[in-house]
Amino acid sequence: LQLESRQLERQRWIKGHASLLQIDLQQAETPQGLAQAFFSRIIPQLGMCQGALYVLHQGASQLRLLGGYAVDGKSPPYLEVELGEGLVGQCARDHEPRQLSNLPKSFWHVRSQLGEARVSHLLIQPIMRGERLLGVLELAGFHPLDEDEELLLQEVLPRLAGALAIMERSETAQALLQETRRQADEMGNQAQQLERQTQELEAQQAALRATEAWYRGIIEASPDGMLVLGADGRIMMTNPQLDVLFGYEQGELI
């Protein structure tokens, strides 16, 4: 009975924190906010001190840092990591988790106003959704995870993977929407430019017609017979005086 009670209590503890994390992830509005929500909820429960979350977008060849937790300002995590580069990149390539203990003194340090200390345990965990890698989680602390903490981590990783997938689709849709708006704005600008050009062309044609009418009026009002020849020598215009002079009907010489 005591064993069963402890197991039930363990399950309640795991499910409770996983449910709270799910709520936090759903309320995150940005990728960076998603990373901070995950770290703030889970790292204290795992007894870890530092963390970094990298994501791998569809078709990308580099991991991109999404967010960190209590990182060392003197040695911050890389913003981008190539696949196969270091332990994080290798984890992304082979999808295998890694745990390291007894880390050297030059490794990550936890710093506060009261002092600093180096971490002694490192956990690198791939974030999978089916067969696809969505990111890599790197955690550091002073001790390895115990059984309950390990179960909690395995419970929340699929939830984190689902949230990352949703966020990625949202970012893709947002980028597509922005591109659509940009194209719509560009087409609108082109339409306005075409409208201005059309108006300018109409104004030029009106001015040309007015000039032609003025020119024709001068020729027709001339007291002498006049005609206009084209470049090929053909008659293009005659005035009434010329038609009468040569005995032709109006327009017959054209």
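This is a predicted model: local features need pLDDT of at least 70, side-chain atom pairs count only at pLDDT 80 or more; totals for chains, interfaces and linings use all residues.
User: Where does Arg-234 lie among the strands?

Analyst: Arg-234 sits in the loop that runs between strand 9 (227-229) and strand 10 (235-238).

User: Is Arg-234 buried or exposed?

Analyst: Exposed means a relative accessible area over 50%. Arg-234 has 61%, so Arg-234 is exposed.

User: Which residues does Arg-234 touch, not counting those up to four places away in sequence?

Analyst: With that exclusion, Arg-234 touches Val-228 and Leu-229. A C-alpha separation can be read as well: Arg-234 and Ile-254 are 20 residues apart along the chain, and their C-alpha atoms are separated by 7.6 Å.

User: Next, backbone angles. What is the phi of Ala-70?

Analyst: The phi of Ala-70 is near 50°, a positive value in a residue other than glycine. Ala-70 belongs to the loop between strand 2 (62-69) and strand 3 (80-82).

User: What is the relative accessible area of Ala-70, and how is Ala-70 classed?

Analyst: Partly exposed covers the range between the buried limit, under 20%, and the exposed limit, over 50%. Ala-70 has a relative accessible area of 45% and is therefore partly exposed.

User: What is the phi of His-95, and where is His-95 placed?

Analyst: His-95 is not a glycine, yet its phi is positive, at about 60°. His-95 is located in the loop between helix 3 (86-94) and strand 4 (98-101).

User: How does His-95 count by relative accessibility?

Analyst: His-95 is at 31% relative accessibility, so His-95 counts as partly exposed.

Notes:
Residues are numbered from 1 along each chain as its sequence is written. Side-chain values use heavy atoms; hydrogens and water are left out. Helices (H or I, at least four residues) and strands (E, at least two) are DSSP runs, numbered from the N terminus. Buried means under 20% relative accessible area, exposed over 50%, partly exposed in between (1.4 Å probe, protein chains only). Contact means heavy atoms within 4.5 Å.
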